Amino acid sequence: MNGASYRIDVPPNWNGDLVMLMHGYQPVGAPVSTPMAAADATPVFLRKGFAVAQSQYASQGWAVSDAVADTERLRQYFAKTYVRPAHTYLYGFSLGGLAVAASIERHPRAYTGAMITCGLTVSTPEFLAKGSSSRWSRSTR
């Protein structure tokens with residue numbers, strides 16, 4: 001999907017709702033499995049009857065922009081290929097949490113709700129400013 005691997009799981013007891021799962025940070029050059037492996041949270045949603053769609057994103061590293069765009073394309077693909085879900089939710093962890101927040105801001109009518117766990121939910125400039133602070137520098141030496 002636009003250069004990004006993706007995974008869609010629909011359980012036999014599908015409740016008609018979809019969870020768009022957004023993964024966390026992956027360093028540039030990290031190995032990528034093909035086919036895409038399910039995130040740890042996937043079975044939890046499947047047992048509850050939710051379909052789960054997740055993108056590998058077209059790039060690695062600080063891929064917030066790709067995460068938002070690739071996830072939105074995948075959401076639209078799911079609705080056209082399968083059926084339009086009754087409700088669509090976003091779930092993201094770590095960097096995926098920031099991508100969830102950005103997705104809700106950019107596509108508020110597309111999602112019924114969102115959940116962020118262990119999410120980085122500050123702006124990129126703020127994160128980078130704090131990341132280069134003397135406190136950070138001392139703690140990583």
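Student: Which side chain is joined to that of glutamate 72 by a polar contact of 2.8 Å?

Tutor: A polar contact is a pair of N or O atoms within 3.5 Å; within protein, one must be able to donate a hydrogen and the other to accept it, and residues adjacent in sequence count only if both atoms are side-chain atoms. This is a predicted model, in which local features need pLDDT of at least 70 and side-chain atom pairs count only at pLDDT 80 or more, while totals for chains, interfaces and linings use all residues. Side-chain values use heavy atoms, leaving out hydrogens and water, and residues are numbered from 1 along each chain as its sequence is written. The partner of glutamate 72 at 2.8 Å is glutamine 76.

Student: Is glutamate 72 buried or exposed?

Tutor: Buried means under 20% relative accessible area, exposed over 50%, and partly exposed in between (1.4 Å probe, protein chains only). The relative accessible area of glutamate 72 is 7%, so this residue is buried.

Student: Which residues does glutamate 72 touch, not counting those up to four places away in sequence?

Tutor: Glutamate 72 lies in helix H2, residues 64-81; helices (H or I, at least four residues) and strands (E, at least two) are DSSP runs, numbered from the N terminus. Contact means heavy atoms within 4.5 Å. With that sequence limit, glutamate 72 touches His107, Ala110 and Tyr111.

Student: How many aromatic pairs does a search of the whole structure find, and at what angle do the planes of tyrosine 6 and tyrosine 77 lie?

Tutor: Rings of Phe, Tyr and Trp (its six-membered ring) pair if their centres lie within 6.5 Å; planes under 30 degrees apart count as stacked, over 60 as edge-to-face and the rest as tilted. The search finds seven pairs. Tyrosine 6 and tyrosine 77 form an edge-to-face pair, 5.6 Å centre to centre, with a plane angle of 65°.

Student: Where in the chain are the two residues of that pair, and how many residues apart?

Tutor: Tyrosine 6 is partly exposed at 32% relative accessible area, and tyrosine 77 is partly exposed at 31%. Tyrosine 6 is in strand E1 and tyrosine 77 in helix H2, so the pair links parts of the chain that are distant, at 71 residues apart.

Student: Which ring has arginine 75 over its face?

Tutor: A charge sits over a ring if NZ of Lys or CZ of Arg is within 6 Å of the ring centre and within 35 degrees of the ring normal. Arginine 75 is among the buried residues of H2. At 5.8 Å from the ring centre, arginine 75 lies over the face of tyrosine 111.
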